[in-house]
Amino acid sequence: MKEILIDVSNNGEIKIETRGFEGKSCIHESEFLEKVLGKEISRSLTPAYWKENLTTVKKHLPLCG
């Protein structure tokens, strides 16, 4: 399940955490928050960020010739 968690501390600091995303999709899916909340100060990337999104590639074999 994909989630975006937003934590606002007592001093107004906002932390955003994404869960369930792989690869760079977490950045894409949460970028709208930067537009709403303002410029980010720092970023910590989890091991899930470095996973590549694996896609299935269908190859067709030449049947004639």
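In the chain, residues 24 or more positions apart account for 31% of the contacts (heavy atoms within 4.5 Å) with a separation of 6 or more. The model is predicted, so local features need pLDDT of at least 70 and side-chain atom pairs pLDDT 80 or more, whereas totals for chains, interfaces and linings use all residues. Residues are numbered from 1 along each chain as its sequence is written, and side-chain values use heavy atoms, without hydrogens and water.

The chain has 1 helix and 2 strands, in the order β-β-α from the N terminus. Helices (H or I, at least four residues) and strands (E, at least two) are DSSP runs, numbered from the N terminus. Of the 65 residues, 9% count as buried, that is, under 20% relative accessible area with a 1.4 Å probe, protein chains only.

Leu33 lies in helix α1 (residues 25–37). Leu33 counts as buried because its relative accessibility is 8%. Leaving aside residues up to four places away in sequence, Leu33 touches Ile4, Ile6, Ile16 and Gly38. Ile4 is 29 residues from Leu33 in sequence, and the C-alpha to C-alpha distance between them is 9.9 Å.

The lining of the largest pocket has 11 nonpolar residues (Ala, Val, Leu, Ile, Met, Phe, Trp, Tyr, Cys and Pro), 8 polar and 10 charged; Asp, Glu, Lys and Arg count as charged, and the others, Gly among them, as polar. Helix α1 supplies the largest share of this lining, 7 residues, and β2 (14–19) supplies at least two.

Definitions and conventions. Buried < 20%, exposed > 50% of the residue type's maximum accessible area, 1.4 Å probe, protein only.
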